[in-house]
Number of protein chains: 2
Amino acid sequence: MTVDTSPLRPLGRTRLYEDLVERLGEFVIRTNLEVGARFPPERELATRLGVSRASLRQALAVLEAQGFIEVRHGGGVFLRRSRGFGGVLHKLVERRGRLPEVLEARELLEVGLAELAATRRDETDIAEMRRALAGMEAEVAGAGLGVSGDASFHHAVHRAGKNSLLEHVIDGLAEAIHETRIESLSEPDRPRASLAAHRCILDAIESSDPPRAAAAMRAHLRQVSDVALLRWEPSPAADDD
Amino acid sequence: MTVDTSPLRPLGRTRLYEDLVERLGEFVIRTNLEVGARFPPERELATRLGVSRASLRQALAVLEAQGFIEVRHGGGVFLRRSRGFGGVLHKLVERRGRLPEVLEARELLEVGLAELAATRRDETDIAEMRRALAGMEAEVAGAGLGVSGDASFHHAVHRAGKNSLLEHVIDGLAEAIHETRIESLSEPDRPRASLAAHRCILDAIESSDPPRAAAAMRAHLRQVSDVALLRWEPSPAADDD
DNA sequence: AATGTGTCAGTGGACGGACCAATTCATGCC
DNA sequence: GGCATGAATTGGTCCGTCCACTGACACATT
């Protein structure tokens, strides 16, 4: 149990289609493929990459869903945009060493969304936020961390901002944010502090005071970040860029 | 050629895997599948959906890349998060009637990134922005619109912000932004106005003055938005929600 | 009885081939 | 030259097969 198992760690098992996404990215760069240009036919790509068409098509489906390529039935595969080709948000977030970036992105998005929420919130939004606040109060009163109430509150704020695009983007970061949330709320006295911060935010939004809502959200998130960053230490081994 | 072909337009042509992504989203909701729960086996899903495993696996690859599910070899398919299941940024952006949201998201992201850029920019970033500015100047001097120079400049600012997550997000909106860019720059005298705005932004970033950089970027984007929104009119037919 | 080991059913991973459907393009007719 | 036509190209989907990984259960060992 005390032996160093690092030399025995399982070798890098990756999905074939993931590798293919990267390979296709390399292809775009190496051949200097321009936006709008056509890729070789699927059959040829599959052959040259040494994989089956089925596997290749999984990669193409991913790339199409990400908006990097366009696949026309009977026409061919075309490059729509090359910037960031092959980069998947989900992967970027997972990489260790990204915590500061995640927190920063979160602050930028949530502060902006809080500002919008203060402008656009309707009675339904207020009711949802109140409900989330009450839920978190109950959790905390019962000696819980209030994790789910915290998440509900922030989600309610996002919805009140009435911008489905930004909401979608922040949802993509939800997982990473969730981890920081747990860490932060595990700190002594943090749940109560967060509860108070939420009340400030809600009050500002309810008063339709965008600047105050933004400031309150920023202050709240800065507190959370401090805790997270204190606990966080860059892992030298994972520092791969 | 002048006949109304709309009643004859090809019937609902959608990729099978796209439908499957939606169907799986419905499945999650209808069965109230909880986060962490397992989906039925691929073979069963394929049978029940009336499609081949190959097609289903395209949909699963997309969902996995989006971070909605986790597929474990030999284990099964598990739900990672349900919020926004099946929603693809690329699709949301394309929908008509989303222009205001796109512009709003762009402003929020770019203003924040400009602020960060003013803090973190190094000599390389400054050089890149200068190069982009010079490029746009040349385009405009040659009676061009300066579209590519404009894009390069904004991209340089994004990079100077040094947050790959935010950069990735804004890249996802790049296409939609590109359209507004063309519209805006087509307006009389706009290229020169944009050029001046870019100089303001660059100056603020170069001076490491975040508030001024943010203000300059905001002012610039507001100008662009005004033009775009003036030209934009909600299409009643496409108002599908 | 506790523990280690082997086996096997279930499940995802990948492949190859076959056929269908949309597009493209050269061919030849007018 | 313009246009219809059909073959070649290329993506869309399905099927069956086999491999690799996981987890649980039965069995053997101690």
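Of the 20 residues around DNA strand C, those that come nearest are A:Leu16, A:Ser55, A:Gly74, B:Pro41 and B:Gly74; a residue is near a strand if its C-beta atom, placed from the backbone, lies within 6 Å of it. This is a predicted model, in which local features need pLDDT of at least 70, side-chain atom pairs count only at pLDDT 80 or more, and totals for chains, interfaces and linings use all residues. Residues are numbered from 1 along each chain as its sequence is written, while chains are lettered from A and ligands numbered from 1 in the order in which they are written.

**Surfaces near the DNA strands**

- For DNA strand C, α1 (16-30) and α3 (53-65) of chain A, together with α2 (42-49) and β2 (76-79) of chain B, each supply at least two residues of the nearby surface. Helices (H or I, at least four residues) and strands (E, at least two) are DSSP runs, numbered from the N terminus.
- The surface near DNA strand C is made up of eight nonpolar, eight polar and four charged residues. Here Ala, Val, Leu, Ile, Met, Phe, Trp, Tyr, Cys and Pro count as nonpolar, Asp, Glu, Lys and Arg as charged, and the others, Gly among them, as polar.
- DNA strand D is surrounded by 20 residues, of which A:Pro41, A:Glu42, B:Leu16, B:Ser55 and B:Gly74 are the closest.
- By class, the surface near DNA strand D has eight nonpolar, eight polar and four charged residues.

**Relation and contact of the two protein chains**

- Chain B is superposed on chain A by a rotation of 180° with 0.0 Å of shift along its axis, at an RMSD of 0.1 Å. The two copies are thus related as by a two-fold rotation axis. The superposition is by least squares on the C-alpha atoms of residues with pLDDT of at least 70 in both copies.
- Both copies use the same surface, since 100% of the contact residues of chain B recur in chain A. Two residues are in contact if their C-beta atoms, placed from the backbone, lie within 7 Å.
- In the interface, 34 residues of chain B are in contact with 34 residues of chain A.
- The side of chain B that touches chain A draws at least two residues from each of α3, α4 (89-94), α5 (99-120), α8 (164-172) and α9 (174-186). The most is given by α8(B), with seven residues.
- That side of chain B has 16 nonpolar, 11 polar and seven charged residues.

**Helix α8 of chain B**

- Seven of the nine residues of α8(B) are buried, so this helix is largely enclosed by the rest of the structure. A residue is buried if 20 or more other C-beta atoms lie within 10 Å of its own, exposed if 12 or fewer, and partly exposed in between, with C-beta atoms placed from the backbone.
- The buried residues of α8(B) are B:Leu165, B:Leu166, B:Glu167, B:His168, B:Val169, B:Ile170 and B:Gly172.

- In chain A, the axes of helix α5 (residues 99-120) and helix α7 (residues 147-160) come within 7 Å and cross at roughly 60°. Axes are lines fitted to C-alpha atoms, for helices over the stretch in contact, and angles run from 0 to 180 degrees between N-to-C directions.
- The crossing of α5(A) and α7(A) is left-handed, a term used if the near helix is turned anticlockwise from the far one by less than a right angle.
- From α5(A), A:Glu110, A:Leu113, A:Ala114, A:Ala117 and A:Arg120 meet A:His154, A:Val157, A:His158 and A:Ala160 of α7(A). This contact has five nonpolar, two polar and two charged residues.
- In chain B, the axes of α5(B) and α7 (residues 147-160) likewise come within 7 Å and cross at roughly 60°, and the crossing is left-handed.

**Individual residues**

- B:Glu104 lies in helix α5 of chain B and counts as partly exposed, with 19 C-beta neighbours inside 10 Å.
- A:Ser208 is in the loop between α10 (190-206) and α11 (210-231) of chain A. Its phi is near 55°, a positive value in a residue other than glycine, and A:Ser208 counts as partly exposed with 13 C-beta neighbours inside 10 Å.
- B:Asn32, in the loop between α1 and α2 of chain B, has a positive phi of about 55° although it is not a glycine. With 8 C-beta neighbours inside 10 Å, B:Asn32 counts as exposed.
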